[in-house]
Amino acid sequence: MLEYRYDTQLLIEGKNLSEDKIQEYFEKNFKGDCLLAVGDDELIKIHYHTNEPWKVLEYCSTLGEIYDIVVEDMDRQARGLKG
């Protein structure tokens, strides 16, 4: 059984984005692991494992426009099913 079920990935396009501030917010407000927040002040790629992907999407949408959103169920994938 996986501790965090959903692999959540997306791009944030905005202005004055900060990898460090985003990472700090995730660490303080979300439960999960494998966080990657990489990019520059106009485009950030997010990768995060969590049980509550909707919270990640909600927060990221406050930072700018979000797109290329992928939420995969890693538990289903581990059982050989489509995620």
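Hi everyone, let me start with a definition: a residue is buried when its relative accessible area is under 20%, exposed when it is over 50%, and partly exposed in between, using a 1.4 Å probe and protein chains only. The areas themselves come from the Shrake-Rupley method with a 1.4 Å probe, and for residues only the protein chains shown count as cover. This is a predicted model, where local features need pLDDT of at least 70 and side-chain atom pairs count only at pLDDT 80 or more, while totals for chains, interfaces and linings use all residues. Residues are numbered from 1 along each chain as its sequence is written, and side-chain values use heavy atoms, with hydrogens and water left out.

Let's begin with the strands. Helices (H or I, at least four residues) and strands (E, at least two) are DSSP runs, numbered from the N terminus. How many of the eight residues of strand β3 are buried? Six of them are, so β3, covering residues 43-50, is largely enclosed by the rest of the structure.

Who are the neighbours of β3? Two strands count as paired if DSSP finds at least two bridges between them. Strand β1, residues 6-13, runs antiparallel to β3, and eight bridges join the two. In that pairing, L11 sits opposite K45 of β3. Strand β2, residues 32-39, is also antiparallel to β3, with six bridges. Here L36 is the residue facing H47 in β3. β2 and β3 make a hairpin, with three residues between them.

D40 is in the loop between β2 and β3, and its relative accessibility of 44% makes it partly exposed. D40 also belongs to a surface patch of negative charge, together with E13, D41, E42 and E65. For the patch rules, members have over 30% relative accessible area and no salt bridge; like charges are joined within 9 Å, and nonpolar side chains (Val, Leu, Ile, Met, Phe, Trp, Tyr) within 5 Å. Lys and Arg count as positive and Asp and Glu as negative, with His and the chain ends not counted. Each charge is placed at NZ of Lys, CZ of Arg, CG of Asp or CD of Glu.

Now for opposite charges. Side chains of opposite charge can pair when their charged atoms come close. The criterion for a salt bridge is a side-chain nitrogen of Lys or Arg within 4 Å of a carboxyl oxygen of Asp or Glu. How many salt bridges does a search of the whole structure find? It finds five.

Let me walk through some of them. R5 pairs with D73, and their closest N and O atoms are 2.9 Å apart. R5 lies in the segment before β1 and D73 in strand β4, residues 65-73, so this pair ties together parts that are 68 residues apart in sequence. Are the two partners buried or exposed? R5 is partly exposed at 27% relative accessible area, whereas D73 is buried at 7%. R5 and D73 also belong to a network of salt bridges that includes D75 and R79.

M74 is buried, with a relative accessible area of 15%. Its C-alpha atom is 5.5 Å from that of R5, although M74 and R5 are 69 residues apart along the chain.

Another salt bridge joins E24 to K28, with the closest N and O atoms 3.4 Å apart. Both residues lie in helix α1, residues 19-29, and are four residues apart, about one turn of the helix. E24 is partly exposed at 44%, and K28 is exposed at 65%. Then there is K55 with E52, at 3.3 Å between the closest N and O atoms. K55 is partly exposed at 34%, and so is E52 at 31%.

Most residues other than glycine have a negative phi, and most peptide bonds are trans. N16 is in the loop between β1 and α1 and is exposed, at 71% relative accessibility. C34 is a further non-glycine residue with a positive phi, about 60°. C34 is in strand β2, and is partly exposed at 42%.
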